[in-house]
Amino acid sequence: MRISDMTSQQGAARSRPLTVSQALQTAKQSLEFITVSLIGEVSEVNAKPGYKAVYFTVKDDGASLPCMMWLNRYRSSGVRFRVGQRVELTGRFTLYAPKGRMNFDVFSASAAGEGDLRRQVAQRARLLQDEGLMDAARKRAVGRCYEHIGVVTSPRGAVVYDVMRTMRRRFPLTLLSVAGVAVEGKDAPAAMIEALQTCVAAGCQAVLLVRGGGSFEDLMPFNDESLARAIAACPIPVVTGIGHEPDTTIADMVSDFRASTPTAAAERVTPDADALAGDIAARKRALDTAADRVLDRFGGMLDRYAARPALRDPRSMLATDLMTLDAMHDRLERVLHDGLRRDAQRLDSIEGRLRRTGLDAIAPFDHAIALRAGRLHDLSPLAVLARGYAVARDERGRVISSVHAVEAGEHIEVSVSDGSLRCTVDCRAADRAAE
């Protein structure tokens, strides 16, 4: 509506009375024409499930103002109204004609002083970016399957349970270690830094840094410079899931992966069980196919090797050497036979010469030996025995040359030419003669 139209209507209103509806409609049009920004303290909030808008009241020392904000605007603002919070609102006044009640229709909302905070955060983010803490090349790769994961979040609230349910549903084999710390307030950054270090010391392979939604002021601990440097220096991957999709903090910027929500962060580091089973089955099929190809290739190689003449008849590899060995054997046999024959002939010749030489050398001694042999023969007791004589010996084998050498009753042996006689002495002849 143009100002001239409003002025003409106001003049008409002074000339004649208006109905209640007309008066409220005129006021409504006048108020909705004006857009203002204001600062106040939230005194009550009404955001029941099923409502299309959030209803709340802001006040100062002298007045209070009922307000409403459509849910889509409220969610995108990132502010979550709570009693006692100072907020900066931009909107227009409007009338709810059926009740004759004036509201403030809020277009946008922020925490009071949030503009300064945002400028500080932006300046801090540029500083860290210039140092390279946000470079993609610096960030660690985030896997899909870990044996041990740490979670840094508030021990109270729905976030920790959402993460646990998500991980239990997707991959229940993962060991989960929860470091419960404050995620709001001035002490929160130091507590979260210590929790990150604790997760590393506990052997976690990755860590989730998560919290639910909140106002920009609520999320300020995640814009802390010390926390950002601790995330960048963490030796294991850090995945953040802070607030809702529109919320982005410095911790998100320096983390190895930024998820839109805590649940999305849990999904990022865990595989879907069905998808994992399908992937394993696909890999098994690929391995089976690869193994079959390898076996076929090596089977073909073995067939080609087996078809080679050397493997069909192993003796063919040694045929030449075997024939050479046989030829050398024949040569050696001939050489040995000829040598032995020559040596035998030489031995026969030497033996003949030695025999002739020996006969010539011993001929003069043969006659002398024959003479001495004849003399020995003549002197031999055997010759005496042959002429009819006998030789008597006592039991010790001594020749008995006297009757006195034996006693009656002794056994003696009498040798004759063709044997010997065993005899017993009855008496001695000399003894008998004496009788």
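The buried residues of H6 are Ala188, Pro189, Ala191, Met192, Ile193, Ala195, Leu196 and Cys199. The model is predicted.

Student: What covers the buried residues of H6?

Tutor: The cover includes strands E6 (148-153), E7 (175-180) and E8 (206-211), together with helix H7 (225-233).

Student: What span should H6 have, given its 14 residues?

Tutor: At 1.5 Å a residue, residues 188-201 should span 20 Å, and the end C-alpha atoms are 20 Å apart, so the two values agree. After H6 comes Gly203, with a positive phi near 90°.

Student: Where does Ser154 lie, and is Ser154 buried or exposed?

Tutor: Ser154 sits in the loop between E6 and helix H5 (158-170). Buried means under 20% relative accessible area; Ser154 has 18% relative accessibility and therefore counts as buried.

Student: Which residues does Ser154 contact, leaving aside neighbours within four places in sequence?

Tutor: Those contacts are with Val160, Val181 and Val183. The Ser154 side chain also reaches the backbone oxygen of Arg156, at 3.1 Å.

Student: Which residues make the nonpolar surface patch of about 420 Å²?

Tutor: Leu359, Ile362, Phe365 and Ile369 make that patch. Of these, Ile362 belongs to helix H12 (residues 315-379). Ile362 counts as partly exposed because its relative accessibility is 41%, between the 20% and 50% cut-offs.

Technical notes:
Residues numbered from 1 in each chain as written. Predicted model: local features only at pLDDT ≥ 70, side-chain atom pairs only at ≥ 80, totals over all residues. Heavy atoms only, no water. Helix = DSSP H or I, 4+ residues; strand = E, 2+ residues; numbered from the N terminus. Expected span 1.5 Å × (residues − 1). Buried < 20%, exposed > 50% of the residue type's maximum accessible area, 1.4 Å probe, protein only. Contact = heavy atoms within 4.5 Å. Polar contact = N/O pair within 3.5 Å; in protein donor to acceptor, adjacent residues only side chain to side chain. Patch = residues over 30% accessible without salt bridge, like charges linked within 9 Å, V, L, I, M, F, W, Y side chains within 5 Å. Areas by Shrake-Rupley, 256 points an atom, 1.4 Å probe, with all protein chains shown as cover. Salt bridge = Lys/Arg side-chain N within 4 Å of Asp/Glu carboxyl O.
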